[in-house]
Amino acid sequence: MTCEHAASKEWSGKIDAYLDGELETTEAGVVATHLRECAACTADALGRVQMKRSVQMAGKRYAGSAALREKIAKSVAAKPRRKASWVWRLVAVPAVSLLMLSVAVTLYVNRESGRRQRVYSELADLHVSALASATPVDVISTDRHTVKPWFQGKIPFSFNLPELQGTEFTLLGGRVTYLAQTPGAHLIYQVRKHEVSVFIFQDRGEETASLTSGPVHAMSFNVENWTRDGLRYFVIGDVSADDIQALSKLLRNAR
Amino acid sequence: MPLFDQLYNFARWLTQDTTEAEDLVQETYAKALRGFSSFQLGTNFRAWMYRILRNSFLSSRTGLKTMVAIDEETDENLLPAENATPESILIAQANRQAVQQALADLPVPFREILLLCEVEEMSYQEISETLAIPIGTVMSRLSRARKALRGQLSKNDGGQHDL
């Protein structure tokens, strides 16, 4: 398989920026469209994703000792040896407090953002790898009354699927999947020529518990997530945010 | 101690030495406290901390010795990585150590930008602020760093696979 973009340095940079979530929406759309049509570039992109994750895992290698942590904490909190003037105190005390506050806020934001990013990145991987697989679904049926019972005994919860008659969506089937060692349902829907994944997990894992419900744009995919009856739902795909919302609404109203 | 683990990990990767990394982290916090007035509220605090750490490293003996200049334009001296074989080596071996070794073998400018992007998950803007380079340079250096890493993986693999 060859592609006219294969040898292009500019295209290679674009794919990297796309996978780093750094492309503007229009450009990201161009790349996403090409990836859908070009098996060679999709394989290349999957290789790059694999490399990114490998570096991420390999890079988290070293941890500072408790003794060093304590030493630095003490030095940060240490009082000056000389008797400090009131001017110094006036400046330094708020500065140290502000520094510690900024660091704490930054840490919290980074940790939460990192966790969210991991979840969305993982879901994007599950979505893309399922679509790239020769068998994207293990139960192939457009009938919700066939797909839902198929999950019985395979995952530790049950869920409702919506009636799709009169809508643009078609159910293609489902498979069992895992997120952070938690089993869940992965359903694939089609809207026009696009595939959209719906993931359902129990909402008790540390990874998903901190997520706030609502629409997100992550890894160039539109994502919607919410919780209901102890279950966390994710809808992810490269379709417009409106399509994601429409499918989410159907799922929310499923009885 | 906030940011401690991330800063230590980054320092250890830069210095490749435990004692030097500890000194570097300690120096970073001391400088951050002393220079807090130079931090502008509303700007990126994390990038500011990493910049202090990196500048301290650059002025250290190890930093001066290992921080080689890289040509931002040419791809000369980079091993070819034209096909997907290095990635498939990764998948086949699932070898975290291989990636760690390849990262450690990279020149510091490539190693640090990969760590900031993949491990710290910094945006291009944050990396630009941390390394004090334009965003265009961030993108080109990142691209070359990834290519160099793939090349290094192939090289360390010792030709056991068809390349």
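1. Leu53(B) touches Leu7(B), Phe10(B), Ala11(B), Leu24(B) and Thr28(B), leaving aside residues up to four places away in sequence; contact requires C-beta atoms, placed from the backbone, within 7 Å. The model is predicted, so that local features need pLDDT of at least 70 and side-chain atom pairs count only at pLDDT 80 or more, while totals for chains, interfaces and linings use all residues. Residues are numbered from 1 along each chain as its sequence is written, and chains are lettered from A and ligands numbered from 1 in the order in which they are written.

2. Leu53(B) is also among the residues with the most contacts inside the largest nonpolar core, which has 44 residues. Such a core joins buried Ala, Val, Leu, Ile, Met, Phe, Trp, Tyr and Cys residues through C-beta atoms within 7 Å; buried denotes 20 or more other C-beta atoms within 10 Å of a residue's own. A second, separate core of 30 residues includes Ala124(A) and Ile200(A).

3. Helix 3 (residues 39-59) of chain A and helix 6 (residues 96-105) of chain B pack at about 80°, with axes 9 Å apart. Helices are DSSP runs (H or I, at least four residues), and axes are lines fitted to C-alpha atoms over the stretch in contact. The two helices are therefore roughly perpendicular (65 to 115 degrees).

4. In helix 6 of chain B, the buried residues are Val99(B), Ala102(B) and Leu103(B). They fall within an arc of 100° seen down the helix axis, so they line one face; the arc is taken from directions from the axis to the C-beta atoms.

Definitions and conventions:
Axes are lines fitted to C-alpha atoms, for helices over the stretch in contact, and angles run from 0 to 180 degrees between N-to-C directions. Angles under 35 degrees count as roughly parallel, over 145 as roughly antiparallel, 65 to 115 as roughly perpendicular and the rest as oblique. A residue is buried if 20 or more other C-beta atoms lie within 10 Å of its own, exposed if 12 or fewer, and partly exposed in between; C-beta atoms are placed from the backbone. Two residues are in contact if their C-beta atoms, placed from the backbone, lie within 7 Å.
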